Structures are given as C-alpha cells and as structure tokens.
Amino acid sequence: MRADPAFDELRTPRLRLRRSEPRDAEQISAYRSDPDVHEHQGWDRTDPDHVRHEIEEMLERAPGSTGGWVQFTVETLEDGALVGDVGLRVAEDEPGVVMVGYTMAPRAQGKGYATEAVSALVDYAFQTLGARIVRAYADAANAPSVRVGEKVGLVVVERFDGHHDGETWHGVRMERRRPPDPR
C-alpha cells in the first residue's frame, strides 16, 4: 500500500471527485440528515458543525495513509452540483485492504452517479494505492447500495448481524480482489 499525498481529483465522464472541504459541510449534512439516507450510513451525527469537523480531520490524511477515512465530494462536471460523497480507508489490521463507502443525495440517486463514482474510487485504490482487496459494507436492506457494489465488481462474501444502540441490523460485506498482473 502507498499513500497519495499529491492527490488532486478523479474524473469520470460525468463526475469530479475531489477532497471534501469544510465549505461542503452544509450540503453533505442536508442529505446525510435525510431519514431515508441516514438509516443506511455510518455517521451518528450529521449536523453541519460535526460534518465540518470530520472533514477538517480527514483533510489532514493523505488517501492511502492509515489513521481513518478520507472523504471525496462528488460533483457533476456539467454544472458543478454536489451530488454525494465517497470515501476510503486503509484497513489497519489487514494489509492491502482498502474499504470504500458511498452516500448520494436523494435527488441524485437513480442516475448512475454512485456506480460511476465508486468505480473510479475502486480503480484508484487498485492502480494508485496498490490495494490487494477493496471492501465495502452495506445494510442488507439497502438493495440500491448492494447493487452499486455489484455493478463495480464487488461480490457479497459475508452476511452478518450487527448491533448498534440496542438494535440489530443485517449487513453484507462485499469485496473485489485486485486483478492479476497480465505480465
């Protein structure tokens, strides 16, 4: 694994993925606070001040370094609209494993943005960071999130029950291994 301190941005045919910045906090807070979105993602607090604080902490980390998540804001190339965020984190106890996560604003869902952004993030993890395995977790009841994983080549390798705040939820672990070197 290698860190990428010179990261600038990732581009796809329709999207730009750039480091999330404190100025994004209000918009990210708005869609992550939506009850239909919030029930499927991992941030307990989604108020703007907390989101801003999390972003500021993430800005201190280079993609591919250890120490926590690095978040990327997803914008459309057409008009620069913020449509979601994706992130990655090196698994500190499993060499070569990079975890990815993704959340799209409700108004941007169903347009293929999540698949496009996550595909770029997975490719980046393999090609630039040198990941051996890319992993994502999802609420098993969140069929659209599981479908995004499957569309980018992640395979469900485990189903499990999780417990949080006295509630049980059903999750899936999805993974994709680095393609073999053609040499």
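## A hairpin to start with

In the hairpin of β7 and β8, two residues sit between the strands, and D165 takes a positive phi near 50 degrees. Strands here are DSSP runs of E with at least two residues, while helices are runs of H or I with at least four, and both are numbered from the N terminus. This is a predicted model, in which local features need pLDDT of at least 70 and side-chain atom pairs count only at pLDDT 80 or more, while totals for chains, interfaces and linings use all residues. Residues are numbered from 1 along each chain as its sequence is written, and side-chain values use heavy atoms, leaving out hydrogens and water.

The two strands, β7 (residues 155-164) and β8 (residues 167-177), pair in the antiparallel sense over nine bridges; two strands count as paired if DSSP finds at least two bridges between them. One of the links joins H164 to its bridge partner E167 in β8.

## The whole sheet

Now let's step back to the sheet. Strands of a sheet pair through backbone hydrogen bonds, either parallel or antiparallel. Here eight strands form an open sheet with mixed pairing, in the order β1-β2-β3-β4-β5-β6-β8-β7. β1 and β7 stand at the edges with a single partner strand each, so one side of each has no neighbour in the sheet. On average, neighbouring strands are turned by 25 degrees against each other, direction ignored; axes are lines fitted to C-alpha atoms, for helices over the stretch in contact, and angles run from 0 to 180 degrees between N-to-C directions.

β8 also runs antiparallel to β6, joined by seven bridges. There, V134 has R176 in β8 as its bridge partner. Helix α4 (residues 113-127) packs on this sheet, and β1, β2 and β8 are among the strands it touches. Contact means heavy atoms within 4.5 Å.

## Aromatic pairs

The structure holds three aromatic pairs. Rings of Phe, Tyr and Trp (its six-membered ring) pair if their centres lie within 6.5 Å; planes under 30 degrees apart are stacked, over 60 edge-to-face, and the rest tilted. The ring centres of Y137 and F160 are 6.0 Å apart with planes at 80 degrees, so this pair is edge-to-face.

## A closer look at T12

Where is T12 placed? T12 belongs to the loop between β1 (9-11) and β2 (15-19). T12 counts as buried because its relative accessibility is 11% (buried is under 20% relative accessible area, exposed over 50%, partly exposed in between, with a 1.4 Å probe and protein chains only). Not counting residues up to four places away in sequence, T12 touches L77, E116 and A120.
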